[in-house]
Amino acid sequence: MRTGENSLVDGKKKILFVVEAMGGGVFTYIVDLANGLADKYDMYIAYAVRPQTPSDYKDYFHKRIHLIEVKNFTRSVESSKDVKAFFEIRKIADEVKPDIIHLHSSKAGALGRWAFNGKKTPLFYTPHGYSFLMKNHSAVKRFAYRMIETVCGKRYCTTISCSEGEHQETLKLTKKATYVDNGINTEQLDSLLTSIQEENHPFTVFTLGRICYQKNPMLFNEIAKALPGIHFLWIGDGELRGELTSPNIEVTGWLDRKNALSRSASADVFLLTSLWEGLPISLLEAMYMRKPCVVNDVIGNHDVIHAGVNGYVCQNVSEFAENIKSVQDGKSAGLVDAAYEDILNKYNTVVMAEKYSAIYDEVLVRFGGGVLLLSIYLTWSIQFSCYIQSNNAVVYDRCCA
């Protein structure tokens with residue numbers, strides 16, 4: 001790990017990501033964002049490993065990115081570990097001396113907003129799905145999580161949500177907020193899809209992910225029961241696998257990335273029955289693969305899919321069944337095209353990185369405007385001096401371009 005260096009030595013500002021939830025969609029998000037910013041910034045990531053973290057996770061990151069494991073980060077609330085993690089991330093920041101600190105996930109957001117003073121170093125926080133919106137927690141726990149977010153929201157920190165819906169929830173906690181839509185790495189996805197050949201298959205409705213309370217396998221099962229002549233496919237596994245009892249449901253178990261995409265490419269409709277979402281990667285990938293998307297009417301889903309425009313948004317089993325039949329009857333071509341264009345224009349990692357870069361640059365100007373203006377002035381002075389010393393435009397171009 002390279003630490004303690006002056007950011008101006010190589011001309012790059014240092015950004016430190018602090019990430020506890022380094023698994024699932026958050027892991028993909030961090031990989032794509034960090035890699036997308038690595039050319040412009042000196043990137044550091046302080047992280048914790050989760051059971052869902054790939055064993056070869058370091059290979060996903062560009063070699064220029066500095067990875068620093070936080071030994072005391074835990075997903076659950078453990079006071080002794082949390083105190084140790086608090087001081088551990090402060091020590092890491094003292095060594096790295098970042099120009100910007102960006103906290104990712106609830107645990108990092110809670111500890112980091114008190115570990116760091118956003119008035120000295122610009123501080124950002126992205127929740128990746130608020131814990132108080134997670135319906136698998138009791139009402140008491142959700143209330144406690146909301147209070148923690150409310151208190152932390154008073155700190156000098158800007159929250160950057162992953163979707164407009166999450167942003168609206170953030171505004172109830174703090175006005176220091178903005179949002180950048182999640183995005184997928186279309187270039188990487190293309191490279192994988194070109195090696196996959198779609199197989200002959202019956203009309204198939206599929207979803208992808210962990211079979212857990214959040215993903216609502218109970219509703220998925222009810223929809224499958226309402227359409228007994230259609231093949232349903234769940235790519236993944238999880239603790240609630242037993243809820244998928246309808247005989248027309250196939251559960252694959254966990255598959256590697258390529259095989260999961262192969263099964264997705266050979267299906268016809270993407271179904272997302274989640275009880276809540278941030279902004280799901282699986283949905284964005286399905287849109288890019290031109291799969292008609294039928295989703296539950298919740299935050300995260302309805303921020304991306306707009307009924308009758310680029311997909312179907314449903315509130316009950318009968319609506320799900322009706323819209324799946326509509327796709328089967330060939331009535332979704334225009335919606336699929338619109339969804340695909342949305343990915344190209346809005347929900348991709350290139351756009352995501354550009355928006356984050358603009359946010360970071362703006363705050364760096366505010367925090368270090370004097371240095372920046374001096375740099376601009378000196379650059380302009382050199383170019384102007386070069387210009388007045390020659391009346392030859394060609395010489396000017398060579399000297400100053």
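This is a predicted model: local features need pLDDT of at least 70, side-chain atom pairs count only at pLDDT 80 or more; totals for chains, interfaces and linings use all residues.

Q: How many helices and strands does the chain have?
A: Helices (H or I, at least four residues) and strands (E, at least two) are DSSP runs, numbered from the N terminus. The chain has 13 helices and 13 strands.

Q: What share of the chain is buried?
A: Buried means under 20% relative accessible area, exposed over 50%, and partly exposed in between (1.4 Å probe, protein chains only). Of the 401 residues in the chain, 51% are buried.

Q: What part of the contacts joins residues 24 or more positions apart?
A: Contact means heavy atoms within 4.5 Å. Take the contacts in the chain with a separation of 6 or more: residues 24 or more positions apart account for 63% of them.

Q: What is the strand order of the open sheet of 7 strands?
A: Strands of a sheet pair through backbone hydrogen bonds, either parallel or antiparallel. Two strands count as paired if DSSP finds at least two bridges between them. Here the order is 3-2-1-4-5-6-7, and the pairing is parallel. Strand 3 (66-69) and strand 7 (177-179) are the edge strands, each pairing on one side only. Neighbouring strands of this sheet are turned by 20° against each other on average, direction ignored.

Q: How many bridges join strand 1 to strand 2?
A: There are 7 bridges between strand 1 (residues 14-22) and strand 2 (residues 42-49), which run parallel. Val19 has Tyr47 as its bridge partner in strand 2. Met22 stands opposite Val49 in strand 2.

Q: Is strand 1 enclosed or open?
A: Strand 1 is largely enclosed by the rest of the structure, because 9 of its 9 residues are buried.

Q: Which residues touch the most other members of the largest nonpolar core?
A: In soluble globular proteins, nonpolar side chains tend to be buried together. A nonpolar core is a set of buried Ala, Val, Leu, Ile, Met, Phe, Trp, Tyr and Cys residues joined through side-chain atoms within 4.5 Å. The largest one has 33 residues, and Phe17, Ile30, Met43, Ile45, Phe61 and Tyr360 touch the most other members. Strand 1, helix 1 (24-37), strand 2 and helix 12 (349-388) each give two or more residues to this core. The largest share, 8 residues, comes from helix 1.

Q: What does Phe17 touch?
A: Leave aside its neighbours within four places in sequence. Phe17 is then in contact with residues including Ile30, Leu33, Met43, Ile45, His102, His104 and Tyr360. A second, separate core of 29 residues includes Leu189, Leu233, Ala265 and Cys293.

Q: How do helix 9 and helix 11 pack?
A: Axes are lines fitted to C-alpha atoms, for helices over the stretch in contact, and angles run from 0 to 180 degrees between N-to-C directions. Helix 9 (residues 281-288) and helix 11 (residues 333-345) pack at about 115°, with their axes 7 Å apart. That makes helix 9 roughly perpendicular to helix 11. Angles under 35 degrees count as roughly parallel, over 145 as roughly antiparallel, 65 to 115 as roughly perpendicular and the rest as oblique. Leu284, Met287 and Tyr288 of helix 9 make the contact with Ala339, Tyr340, Asp342, Ile343 and Leu344 of helix 11.

Q: What does helix 3 pack against?
A: Helix 3 (residues 106-115) is mostly covered, with 8 of its 10 residues buried. Among them are Lys107 and Arg113. The buried residues of helix 3 pack against strand 1, helix 2 (79-96), strand 4 (100-104), strand 5 (123-126) and helix 4 (139-152).

Q: Is Glu169 buried or exposed?
A: Glu169 is found in helix 5 (residues 164-170). Glu169 counts as buried because its relative accessibility is 10%. Not counting residues up to four places away in sequence, Glu169 touches Tyr130, Phe132, Leu133, Arg146 and Ile299.

Methods
Residues are numbered from 1 along each chain as its sequence is written. Side-chain values use heavy atoms; hydrogens and water are left out.
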